[in-house]
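Reader: I am new to this structure and would like a close look at a single part of it. Please take me through that part slowly, and say how each term is meant.

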Amino acid sequence: MIKLSKRLEEIVKLIPKGNTVADIGTDHALIACYIAKENISPKVIAADLNEGPLKFAQEQVKAYLVEDKVTARLGDGLSVLSPGEVDTVIIAGMGGSTMRTILEEKPEVVKSLKHMILQPHVGAEALRRWASENGWKIVEEQLVEEEGFYYEIMSLEQGKMEIDDDILYFLGPKLVETKHPLLIPSLDSLLESEKGILSQLANSTNIKAKERADNIKNKWQNVKRVLGWPAELKM
Ligand SMILES: C[S@@+](CC[C@H](N)C(=O)[O-])C[C@H]1O[C@@H](n2cnc3c(N)ncnc32)[C@H](O)[C@@H]1O
């Protein structure tokens, strides 16, 4: 059996059994090979923009003996797919703004999908806003910790997303609703690093620096309003 990291394992758990899948930015192709091998998906397209990662993906597909189910394709984002070709698209391990660009560039492919799994390394908030503005709703969210880093994973279906408080785009509506056990630890880690940013910004007289500091402080006040945490918020 292929051994997956915790992050990849959580991504795989969100794939509906029987769905055809495209893994965009596949690199090592571990997701593609695993879901083919475990009969989670009957057909998988493993795609990458760059030749090096695609070659690696092709080697993995051969090594894991899944050439009958997994096809490797070279290309930018969703340009490798025609509308209706797969049920689920996975985009993982890139920044949220790159993912947003990938989704915005091929609206006809996005509209034809049943399901998406997005795992941005940063910028999850921008993706949640994109989803809400483009007729997608988050049906499940997961958080995973690996070597001190926290990864947000979202599973989306077409439909209207009701978000009644702006701060939920930052926090993750399902992470708040389910009181995910890693939500506070992940926020704690971010708060510590943003306290460092605030102390650097405090030394600047620049108006933009003051605006940025105010935005950070407002955000944490809103987190406290919704979660009642952190009880002590001195900033
Ligand atoms: C850090 S790896 C992530 C690999 C895997 N998805 C994961 O989560 O472990 C990012 C991969 O995305 C690819 N990539 C970046 N931009 C892309 C784009 N616009 N379209 C397709 N692949 C892209 C890179 O070449 C790289 O192989």
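Author: Ala29 lies in the loop between strand E1 (21–24) and helix H2 (30–37), where helices (H or I, at least four residues) and strands (E, at least two) are DSSP runs numbered from the N terminus. This is a predicted model, in which local features need pLDDT of at least 70 and side-chain atom pairs count only at pLDDT 80 or more, while totals for chains, interfaces and linings use all residues. Residues are numbered from 1 along each chain as its sequence is written, and side-chain values use heavy atoms, with hydrogens and water left out.

Although Ala29 is not a glycine, its phi is positive, at about 60 degrees. Most residues other than glycine have a negative phi.

The ligand is surrounded by 18 residues, and the closest are Arg7, Gly25, His28, Asp48 and Asn50; a residue counts here if one of its heavy atoms lies within 4 Å of the molecule. An N or O atom in the side chain of His28 is 2.8 Å from an oxygen atom of the ligand, and for Asn50, too, a side-chain N or O atom is 2.8 Å from a ligand oxygen atom. At Leu49 a polar backbone atom is 3.2 Å from a nitrogen atom of the ligand, a polar contact being a pair of N or O atoms within 3.5 Å. Of the 600 Å² that the ligand exposes when taken alone, the protein buries 81%, with accessible areas coming from the Shrake-Rupley method with a 1.4 Å probe.

Conventions: Polar contact = N/O pair within 3.5 Å; in protein donor to acceptor, adjacent residues only side chain to side chain.
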